[in-house]
Amino acid sequence: MSQKKLMVLLVVIVALAAIPLVSMAQAPQGQGQQPPADGQRRGGARGEGRGRGGDGQAAPRGDGQGRGGDARGAAQAPPAPQMIKQVKPGVYMVINGGGNSTVRVTDQGVILVDTKNLGDQFYNELVAQIKTVTPQPVKYAFVTHVHQDHAGNIERFQKAGTQVIVYEGLNKNLHVGGPNGKGYEAAQGKPADAKLTYTKNKKVKLGKAEAIAYHFDNGHTSGDTVVYFPDVKVVSLGDEFTAAGPNVDYPNGGSILGWSKSLAQVLKLDFDTAIPGHGNDPLKKADVMTFQKRMDAIGKKAVELVKAGTPKEQIRQQIQMQLGPEMGNWQMTNIVNDMRLDLFYQEISNAAKGRRTE
Ligand SMILES: [Zn+2]
Ligand SMILES: [Zn+2]
């Protein structure tokens with residue numbers, strides 16, 4: 001009997017003791033554990049995000065801006081929808097989905113500048129935006145340079161019957177040089193070769209409109225084209241003018257000294273409106289003039305400093321000090337950041353010795 005009682009008592013004690021254990025075990029599962037688990041997951045995601053951002057920022061600078069800059073934009077947020085805006089009667093720009101596209105509408109067809117990010121989504125969206133202002137097909141497309149946010153859909157336009165025209169240096173950028181020696185390639189893929197190339201300039205006439213493509217010099221890359229529409233006094237500059245400031249892609253033949261020379265030639269054209277490679281609004285000629293003067297001043301100051309024996313490690317600080325923070329800050333991030341210092345100094349040193357790099 002007493003043994004039975006003891007057993008019952010033991011069972012009761014164990015049962016009683018187990019209740020708090022169970023409730024404690026349940027509580028962390030139900031309330032305590034989950035929030036921390038979420039918190040951890042969120043923390044982890046934040047950490048990864050930072051890591052990716054860091055990589056994305058560091059790598060492309062050295063590799064050539066097209067790669068990382070574009071990849072970063074595509075990987076993080078869904079892209080903002082493309083939007084066509086009138087610049088002048090018969091002239092439009094399409095923003096978002098890559099670099100800006102210029103759309104010159106005539107009753108004989110469209111002349112397009114730049115083809116947006118590589119991919120069906122971006123191509124279809126661009127074509128749909130153009131359709132909102134004209135039923136005419138795109139007869140000609142110029143591409144300002146090799147980066148996929150401009151050259152991405154060369155192949156799709158060619159398949160649709162558009163004559164795509166590039167400076168010969170663009171096709172070269174696709175196959176020679178670049179970070180691994182095999183030419184430019186982005187995370188999104190490799191843009192296709194354009195079937196039509198020009199060496200100095202190329203004029204196209206359509207209806208009453210005219211467009212002339214020029215390669216004045218190596219600037220953003222060694223495949224740069226600017227497109228001039230003389231009858232409407234508009235010029236499309238690709239990434240030789242972006243709202244964010246200049247970005248010299250040295251691995252793809254970019255040149256700070258060539259860039260200011262190219263823009264100096266652009267300024268000789270009779271235009272009042274410029275369409276930038278990035279940035280939501282058209283620019284005035286005065287904006288291009290300011291931009292050119294800055295590039296010119298930075299290049300000249302750098303050559304002067306190298307001639308005076310300024311070591312590589314001090315050149316940025318010296319440029320910044322001597323030209324003032326306004327220009328100094330503008331050029332530090334994209335022209336001569338850490339990853340690009342060697343190539344920048346190499347170009348400037350060659351120029352200081354009287355040699356131009358190609
Ligand atoms: Zn661009
Ligand atoms: Zn670019």
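Modeller: Two strands pair if DSSP finds at least two bridges between them. Helices (H or I, at least four residues) and strands (E, at least two) are DSSP runs, numbered from the N terminus. The model we are looking at is predicted: local features need pLDDT of at least 70, side-chain atom pairs count only at pLDDT 80 or more, and totals for chains, interfaces and linings use all residues. Residues are numbered from 1 along each chain as its sequence is written, while chains are lettered from A and ligands numbered from 1 in the order in which they are written.

Biologist: Good to know! In β11, which residue is the bridge partner of phenylalanine 229?

Modeller: Strand β11 (residues 234-242) is joined to β10 by 3 bridges, and the two run antiparallel. In β11, the partner of phenylalanine 229 is valine 234.

Biologist: And which residue in the turn of the hairpin of β10 and β11 has a positive phi?

Modeller: The hairpin leaves 4 residues between β10 and β11.

Biologist: Which residue of β10 stands opposite isoleucine 212?

Modeller: Here β10 meets strand β9 (residues 209-214), through 3 bridges and again antiparallel. Opposite isoleucine 212 stands tyrosine 228.

Biologist: Are Val226 and Tyr228 on one side of β10, and Val227 and Phe229 on the other, buried or exposed?

Modeller: We count the other C-beta atoms within 10 Å of a residue's own, placed from the backbone: 20 or more is buried, 12 or fewer exposed, and in between partly exposed. Both faces of β10 (residues 226-229) are covered, and these four residues are all buried.

Biologist: Let's turn to the open sheet of 7 strands; what is its strand order?

Modeller: The pairing in this sheet is mixed, and the order is β1-β2-β3-β4-β5-β6-β7.

At the edges, each pairing on one side only, are β1 (83-88) and β7 (196-198). From one strand to the next, the twist averages 25 degrees.

Biologist: Which residue in β2 is the bridge partner of glutamine 86?

Modeller: Strand β2 (residues 91-95) runs antiparallel to β1, with 5 bridges joining them. Glutamine 86 has as its partner tyrosine 92.

Biologist: Now the helices: is the crossing of α9 and α10 left-handed or right-handed?

Modeller: Helix α9 (residues 285-307) and helix α10 (residues 312-323) pack at about 120 degrees, with axes 10 Å apart; axes are lines fitted to C-alpha atoms over the stretch in contact, and angles run from 0 to 180 degrees between N-to-C directions. That makes α9 oblique to α10, since under 35 degrees counts as roughly parallel, over 145 as roughly antiparallel, 65 to 115 as roughly perpendicular and the rest as oblique. A crossing is left-handed if the near helix is turned anticlockwise from the far one by less than a right angle, and right-handed if clockwise. For α9 and α10 the crossing is right-handed.

Biologist: How do α8 and α9 lie to each other, roughly parallel or roughly antiparallel?

Modeller: The axes of helix α8 (residues 256-266) and α9 come within 9 Å and cross at roughly 150 degrees. Their crossing is left-handed. The two helices are therefore roughly antiparallel.

Biologist: Last one: is aspartate 342 exposed or buried?

Modeller: Aspartate 342 belongs to helix α12 (residues 341-352). Its C-alpha atom is 10.0 Å from that of tyrosine 250, 92 residues apart along the chain. Because 12 other C-beta atoms lie within 10 Å, aspartate 342 is exposed.
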